[in-house]
Amino acid sequence: MTRPAACLFDLDGLLLDTEPLHAQAWREAAAAFRRPLTDAELLVLRGRRRLENSEQVRRWIAAAGVPPPSSEELLAVQQPIARRLLRNARAMPGAPELVARCAALAIPTALVTSSSSASLAVKSAGHPWLAAMAPVILGDDPELGAGKPAPDPFLLAARRLGVEAQACWAFEDSPAGARSAAAAGCRVHVLIPDDVPKDQVGRLYDASWVFLQSLDQVRMEGEGLSTDG
Ligand SMILES: [Mg+2]
């Protein structure tokens, strides 16, 4: 049993099942510029901020010999698709229950997401349980330096909570997000996405992190939490 100073939660692919929706939006947007994206490329985009992803996709389009659109042109295609899909995002199994377990134990929680405030509003509309988490660190937070995989978002969350990042548990799913939490010094728990090939897990995720197949593996134990991951 451990009693973390706080639990810091990623949003996309960790609390909400949005990653297939983000992937579909990028896939459709890139296809509009005649550059099909592979599953491995879509995994690279996961967990990062929108502008960094649009720059990455522009480079892939350019490398294919197609004159690339501007970032604005690309996002003008991608964003309406994403917004339409994300309105119907579902909770990941066990996510509302895990947030409720933290509240029952009076363990502070923060949301640490690369999403912008506008995107969070779309995704969270059907999920009032997300409002239990404060502070919320957003990709467009004015106090944020670099986004994930840099440590800045998790360091900012710990600072706003008034705790040491090293005393926090972080929950992530993407390689970029988990690297961000690890660089901040958090104890990293990774929910390994179903669509990551088994033979790639060792390359993408550090063996020192706690691997979870489900958030239900994080249980209450006494005044703290334990995992069987
Ligand atoms: Mg994620």
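The model you have open is a predicted one.

**Helix α8.** Now select α8 itself, residues 175–184. Is this helix largely enclosed or left open? Nine of its 10 residues are buried, so the rest of the structure largely encloses it. To see them, pick P175, A176, G177, A178, R179, S180, A181, A182 and A184. Then show what lies over these buried residues: the cover includes α7 (152–161), β4 (168–172), β5 (187–191) and α9 (201–204).

Go next to F154. Which residues does F154 touch, leaving aside its neighbours within four places in sequence? Its contacts are L8, V112, A165, A170, S180, A181, A184 and C186. Two of these, S180 and A181, you have already selected among the buried residues of α8.

F154 also belongs to the largest nonpolar core, a set of 58 residues. L8, F9, F154, A170 and C186 are the members with the most contacts inside this core. Helix α1 (residues 19–31) gives the most to the core, contributing six residues. At least three core residues come from each of domain 1 (6–17 + 89–227) and domain 2 (19–86). As a general point, nonpolar side chains in soluble globular proteins tend to be buried together.

**The two domains.** Colour the protein by its division into domain 1 (6–17 + 89–227) and domain 2 (19–86). Their centres, taken over C-alpha atoms, are 24 Å apart. Where they meet, 15 residues of domain 1 are in contact with 12 residues of domain 2. On the domain 1 side, α6 (117–124) and α8 (175–184) each supply at least two of the touching residues. What classes of residue make up that side of domain 1? Five are nonpolar, seven are polar and three are charged.

**The sheet.** Select the six strands of the open sheet and follow them in the order β3-β2-β1-β4-β5-β6; the pairing is parallel. Look at the edges, where β3 and β6 (210–212) each have a single partner strand, so one side of each is left without a neighbour in the sheet. Between β2 and β3, which run parallel, there are two bridges. Zoom in on V112, which stands opposite I137 in β3. V112 is also one of the contacts of F154.

**Two cis peptide bonds.** Move to the loop between α6 and β3 (136–137), where P135 is found. A cis peptide bond joins A134 to P135, with omega about 5 degrees. For the other bond, select K148 and P149: the peptide bond from K148 to P149 is cis, and its omega is near 15 degrees. P149 sits in the loop between β3 and α7.

**Two positive phi angles outside glycine.** Select R34 in the loop between α1 and α2 (39–45). R34 is not a glycine, yet its phi is positive, at about 60 degrees. Why does R34 count as exposed? It has 10 C-beta neighbours inside 10 Å, and the cut-off for exposed is 12 or fewer.

End the tour at A106, in the loop between α5 (95–104) and β2 (109–112). A106 is not a glycine either, and has a positive phi of about 60 degrees. With 8 other C-beta atoms within 10 Å, A106 is exposed.

Conventions: Residues are numbered from 1 along each chain as its sequence is written. This is a predicted model: local features need pLDDT of at least 70, side-chain atom pairs count only at pLDDT 80 or more; totals for chains, interfaces and linings use all residues. A nonpolar core is a set of buried Ala, Val, Leu, Ile, Met, Phe, Trp, Tyr and Cys residues joined through C-beta atoms within 7 Å. A residue is buried if 20 or more other C-beta atoms lie within 10 Å of its own, exposed if 12 or fewer, and partly exposed in between; C-beta atoms are placed from the backbone. Helices (H or I, at least four residues) and strands (E, at least two) are DSSP runs, numbered from the N terminus. Domain bounds come from an automatic or database domain assignment. Two residues are in contact if their C-beta atoms, placed from the backbone, lie within 7 Å. Ala, Val, Leu, Ile, Met, Phe, Trp, Tyr, Cys and Pro count as nonpolar, Asp, Glu, Lys and Arg as charged, and the others, Gly among them, as polar. Two strands pair if DSSP finds at least two bridges between them.
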